[in-house]
Amino acid sequence: MTTFSLRAALSPSQNLAYWVIALALIHGLCPQALMASTVWTQSGPEGGDIVELIGDPSVPDRLYAAANGGGVFRTIDGASTWQAASTGLTDRSVLCLTLDPATPSTVYAGTLGGRVFRSVDGAVSWTEISTGLPGGSVQSLAVNPGPGTVLVGLSGGVYRLGMDDVWAWSSSGLTSGFVVDVTFDALAAGVVY
């Protein structure tokens, strides 16, 4: 009896494709079935373009959404329902959010108009804290959980929030004034990227 092996005549990449197809056929899978296992459903919020989502590590079902043109939204039931959480936000073009890891009910919001707002009640109400910022869009916010240092990255560089709620320029050594993201090193105290 003569046997013929199709696999022997295939290149390595064709051989891999052969096994993927063979396994899919053996297990009754097809591309549509594979795609059906990843189905997205809309759960809100409505209003503006959602540009960032953050979760509260102390309350897993609490999430915040930043909406460029829509303000801030909050869910307390794992995204089943969303509520507008923008009381006190006078600039609704929110580009970034962060919360204080040591006090998760303290949330910061940065806007396209170069303003920063702080909520100390889990985004129920907001207070503007933009004194000292040069304007330009706020691209990123970061909070160091240890000493509670708050940094903002914007088109004018990096600024640090002082104890008096006034921002001070903190960009010495940067070769570019446009900062898209700023974050603290989780393992090395005082290190910022």
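Reader: How many residues lie between strand 5 and strand 6 in their hairpin?

Author: Quick background: this is a predicted model, where local features need pLDDT of at least 70, side-chain atom pairs count only at pLDDT 80 or more, and totals for chains, interfaces and linings use all residues. Residues are numbered from 1 along each chain as its sequence is written, and side-chain values use heavy atoms, with hydrogens and water left out. Strands are DSSP runs of E, at least two residues, numbered from the N terminus, and two of them pair if DSSP finds at least two bridges between them. Strand 5 and strand 6 form a hairpin, and the number of residues between them is 2.

Reader: Which residue is the bridge partner of cysteine 96 in strand 6?

Author: Strand 6 covers residues 103-111 and pairs with strand 5 in the antiparallel sense, over 6 bridges. For cysteine 96, the partner in strand 6 is glycine 110.

Reader: Which are the edge strands of the open sheet?

Author: The sheet has 4 strands in the order 5-6-7-8, with antiparallel pairing. An edge strand here pairs on one side only, and that picks out strand 5 and strand 8.

Reader: Why is strand 5 largely enclosed by the rest of the structure?

Author: Buried means under 20% relative accessible area, exposed over 50%, and partly exposed in between (1.4 Å probe, protein chains only). Strand 5 spans residues 94-100, and it's largely enclosed because the buried count is 7 of the 7 residues.

Reader: Which residue in strand 8 is the bridge partner of phenylalanine 117?

Author: Strand 7 (residues 116-119) pairs with strand 8 in the antiparallel sense over 2 bridges. In strand 8, phenylalanine 117 has as its partner glutamate 128.
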